[in-house]
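Please look over the structure below before reading on. Some questions and answers about it come after.

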Amino acid sequence: MKKFPLIIFLFFACITQAQNTIVIQTDQGHDIINRNIYGHFAEHLGRCIYDGFYVGDNKKIPNKDGIRLDIIDALKKLKVPVLRWPGGCFADTYHWKDGIGPKDKRPSMLNVWWGGVTENNSFGTHDFLNMCEMLGAAPYLAGNVGSGTVQELSDWVKYVNHKPGSSPMPILREQNGRKEPWNVKYWGVGNEVWGCGGNMKPEYYANVYRQYATFMTDWNDNKNDKIFRVASGANSSDYNWTEVMMRDIPHEMLEGVALHHYAVIDWNKKSSATEFTEQEYFTTMKRAWYMEELVQKHSTIMDKYDPKKKIALFVDEWGGWYDVEPGTNGAFLYQQNTMRDAMIAGMTLNIFNNHADRVRMANLAQTVNVLQAVVLTKEEKIILTPTYHVMEMYNVHQDATLLPLAIKSDMYQLGEEKLPAVSASASLDKSKVMHISLVNIDAGKEREISVDLRGTKYSAVTGRILSSAKLQDHNTFEIPDKIKPAVFKGASISGNMLKVKLPPFSVVVLEVK
Ligand code: AHR
């Protein structure tokens, strides 16, 4: 075989690699990455609440007032900042007064959206809000607009927030065992009102919203602790929805607008959560990357009406959605979680971080046993999913200052289609330590990245990586730690230039000092 001179080999090596560059302005940060971007969502759906968070009086599973303590411990390590409840579609069928008072006297209902199972209301307002206190997470309540009344939602606000003894609702709260209010700040005014929440048109809903919001009264006079009302938002690319919300709702009664987007291949033909082809993986990545365009375009509409960015964009449902696990109830949306999900999580959280000026909350759907869950349970056992580990690795970004970052990534190509292979975000925490989160979604190729750190002197880098041998790899109840973060040895620093080697389909978080 003819030998190539070394110099020619190096030349080709240079032009085939190192196409990935990142420049970070380390002294130019101004927006704070709201910790609520790392929020979660828990619906009365399948085994998320019952046989998930809540095990009632099951003595075999350690619990406090029915709440599983192993789940609480795991979620505390994630630093879950906010938890949305009770739905989803369930929220617009839920009557909160059915879920207070003695459990044996609570009426039952049918959970019409999720399998027609009986909901006995044993997990209600007190259970949820006390659980949020255990977690140290802010609650985000979704009010029933679709089948409820203005009075009902207004009463819920008073029940959980108003001062002891100030009116019939706080008196009722006290009779049910809780004197002090919980002071719930975040309130959704309906959920998906364009669909399961009432099939409304945006102009009609904007009027309904104004009516509901009028009667959602604050609980104290502290200007920094005001009620935060969120309009039910667009389905993915329904930009007209956001336009109408921003145009027709007076801004003094609107603190946030929501957006829902799931990374689903095709609503009629999703894909197995664990046995998928590279083509299915690629399409999921494409749907996940689409979040970037959605956030940009919805933000541009919001900028037109609210250039000072007072109103927040809440992506209060996001994540991967596949076929349910074989043999499980089709309406329970129980799915496994692989390295594909780790890629969705890493990439999407980078998108949210980089848009921290407008995206101030996001809620991954859903915390336990449903869709892209961080925890799966089977009787006494729990497992932490790859998505859990990404959320845990990324929690260093919570409340840190976003650093401006310019990225040039080469492409992950499959057939004729291409996607940027590398995504990144960077922040500076309160002790001036920088964190950079990097994702390489390419199923086959390592990516070498040069990171130019401008503005501050740095000399040390350490990191953690989440990777595995196969994209389809996942944790199971038999092998719960197959995928977990490891020490990352693929980064070096010299004269403010970082060199990083990212293996295929991996997530890395670097700490730079
Ligand atoms: O997260 C599952 C469902 O997806 C929610 O109930 C609904 O809001 C959305 O369509």
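Predicted model: local features only at pLDDT ≥ 70, side-chain atom pairs only at ≥ 80, totals over all residues.

Residues are numbered from 1 along each chain as its sequence is written, and side-chain values use heavy atoms, with hydrogens and water left out.

Q: How far apart are the end C-alpha atoms of helix α6?
A: Helices (H or I, at least four residues) and strands (E, at least two) are DSSP runs, numbered from the N terminus. The expected span of a helix is 1.5 Å times one less than its number of residues. Helix α6 covers residues 202-214, so its 13 residues should span 18 Å. The distance between its end C-alpha atoms agrees with this, at 18 Å.

Q: Within what arc do the buried residues of α6 fall?
A: Buried means under 20% relative accessible area, exposed over 50%, and partly exposed in between (1.4 Å probe, protein chains only). In α6 the buried residues are P202, Y205, A206, V208, Y209, Y212 and A213. Because their arc, taken from the directions from the helix axis to the C-beta atoms, is limited, they line one face of the helix, and its value is 165 degrees.

Q: Which exposed residues does the face of α6 turned away from its buried side carry?
A: The buried residues of α6 pack against α4 (150-161), β9 (186-189), β10 (228-235) and α7 (239-248), where contact means heavy atoms within 4.5 Å. The face turned away from that buried side carries the exposed residues Y204 and N207.

Q: Are α7 and α8 roughly parallel or roughly antiparallel?
A: Axes are lines fitted to C-alpha atoms, for helices over the stretch in contact, and angles run from 0 to 180 degrees between N-to-C directions. Angles under 35 degrees count as roughly parallel, over 145 as roughly antiparallel, 65 to 115 as roughly perpendicular and the rest as oblique. Helix α7 packs with α8 (residues 278-305) at about 25 degrees, their axes 9 Å apart. That makes the pair roughly parallel.

Q: What is the relative accessible area of D65?
A: D65 is not a glycine, yet has a positive phi of about 50 degrees. D65 lies in the loop between β3 (63-64) and β4 (67-68). D65 is exposed, with a relative accessible area of 60%.
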